[in-house]
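User: Please take a close look at the part where the two chains meet. How do the chains hold contact there, and which charged side chains pair up?

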Amino acid sequence: MLVFVCLVTGAVLFTLLKLNRNISLKKVPMKILVAVKRVVDYNVRVRVKADKSGVETQNVKMSMNPFDENATEEAVKLKEAGLASEVIAVSIGPDKAQETIRTALAMGADRGIHVVTEEGTEPLCIAKILKALVEKEQPGLVLTGKQAIDDDSNQTAQMLAALLGWAQATFVSGLSVEGNTLNATREVDGGLEKIALTTPAIVSVDLRLNTPRYASLPNIMKAKKKPLDSLSAEDLGVTTTPRLTILEVVDPPQRATGVKVSSVAELIEKLKTEAEVL
Amino acid sequence: MNHLVFISHDQQSLMPGVLNTLSAPLQLGGTVDALVLGHQCDAVVNTLTAIPGISTVRVCDDALYNNAFVAEDCTAQLQSVVEGYSHVWFTADTIGKNIAPRLAAMRDVQQISDIIEVRDAQTFVRPIYAGNAIATVKSDQVQNIITVRGTALEPVATENGSAGVEAIASVGSANLTQYVGAETSSNDRPELSSAKIVISGGRGMQSSDNFQMLERIADKLGAAVGASRAAVDAGFVTNDYQVGQTGKVVAPDLYIAVGISGAIQHLAGMKDSKFIVAINKDEDAPIFQVADYGLVIDLFDALPELEAALD
């Protein structure tokens, strides 16, 4: 009797395992590559360097570009939903870009790739580096922030899509995956636009897409043990010679000091007669 | 020099900022052509032919472009016409920002984004760090692909021009992305980034319900409603209201900041407004440093009074 029960249990277990295997074989979830950038924290008042060569980034609080946090969150959510097999976080920049990769790993990315370049590498070059990584890793989806809050270029995702000949969705605030189709909602001037993309594709994300999670302490500890490869642009066959020269970086014009008004009535009066905006 | 200007439009009229964009190539001189991708959009073409300084309006009429600017399709079309132009200009709206970088990479060009001033044919001024620093950049490329911030330049004249019209053949769809549809904003207020007046609330508003006070005033002023990141993070309003470095960058004629302390990241999104009003009970709030008119008062006293005064 005992033997029979054992046999039956064994058979059931075997069938279950086999089924499970078949299921995982049938759907082949894609890899997701998420590109993240280390930038001056959004709450820091930036200071222009005295020699006008750029903005001071030494001894300044740095963080992951806010839009890239949304991209990382979305990648991890897709993996949690069973729609992605692996999330690879990539950052391109000086050595400390690894800190930003660790942040992505703490949020739930599986492994990191750091490509070492100088600070201020141009978007076209970044896109070429990402293209080389995409060819190596073969992801089905690349996610990134819609723009970095340092140089505000808003170019990398579109450029990468062009170099790969892939579909693109920019400024995305809604995303769903249906087989080989991505349904994206884009934030455009005056409203929302819906498009359907064929994968593989590049998606650049906007703030409304999701709320990035905070990494828990245990996850921050775990992230330290996750694999992180380091490469150079040369390893990927990309030259980083800039196309543009920055002649100078200066402070914006200062606003003239305003006046205090004592009442709502005085305020309205000034807006009507002095500013003439009402 | 010969310029091609990609025209953002809605089939009937030019998008805001296009007339301003056109002033950049007209200022530099040389041949200036306009490119219209659209479907039965004669009104747009007629507007353009009347602009003095434009040589030829090149029009590709295809149902593919009926109110849809799919980047993959537009760049394929652009690639067929851009050879030989020294400068290709786009308005830095969501149409231009989506298409220009894709074209630039196809052309192996490093694009210059969101310029606010043209120094010479190869030198341009652009804000970085959400306008907290201003960079002057020089290009050594034979073709420059540039997006122009609409609010930064004066619009061009729109009468007495005599541009020719040239029809160009469509290269068809790239078949990568399908346009599905659009959803315009559900309220009747103007769009935040192009509104003439914006009234924004911060953490001082205390609740989602209290934002209705701002909405009522906005409706009387024909204004858009915005919010600081603090108000968004507190859950008072959704993220699409956010003005600031991580939200929308606005430059209206009048910006009214209510219960907003003036965090750096908020100032980055609104300090180019023509006139700034700050209403805050904390007289030391940093917002007063950028305000043209500051009113130190409890906003719950000020808002009803303001609403009543606007009747």
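Analyst: Across the interface of chain A and chain B in this predicted model, 39 residue pairs are in polar contact, both partners being at pLDDT 80 or more. On the side of chain A that touches chain B, strand 9 (residues 191–198) gives the largest share, with eight residues. In total, 75 residues of chain A and 82 residues of chain B take part in the contact. The size of an interface is often given as the accessible area lost when the parts come together. Here chain A and chain B bury about 6600 Å² between them, and 57% of that area is on carbon and sulfur atoms.

Side chains of opposite charge can pair when their charged atoms come close.

The side chain of B:Asp108 meets that of A:Lys128 in a salt bridge, with N to O at 2.8 Å. This pair crosses between chains: A:Lys128 belongs to helix 4 (residues 123–137) of chain A, and B:Asp108 to the loop between helix 4 (94–106) and strand 5 (112–115) of chain B. B:Asp108 also forms a salt bridge with A:Arg243, at 3.0 Å from N to O.

Methods:
Residues are numbered from 1 along each chain as its sequence is written. Chains are lettered from A and ligands numbered from 1 in the order in which they are written. This is a predicted model: local features need pLDDT of at least 70, side-chain atom pairs count only at pLDDT 80 or more; totals for chains, interfaces and linings use all residues. Side-chain values use heavy atoms; hydrogens and water are left out. Contact means heavy atoms within 4.5 Å. Buried area is the accessible area (1.4 Å probe) that two parts lose on being put together, summed over both. A salt bridge is a side-chain nitrogen of Lys or Arg within 4 Å of a carboxyl oxygen of Asp or Glu. A polar contact is a pair of N or O atoms within 3.5 Å; within protein, one must be able to donate a hydrogen and the other to accept it, and residues adjacent in sequence count only if both atoms are side-chain atoms. Helices (H or I, at least four residues) and strands (E, at least two) are DSSP runs, numbered from the N terminus.
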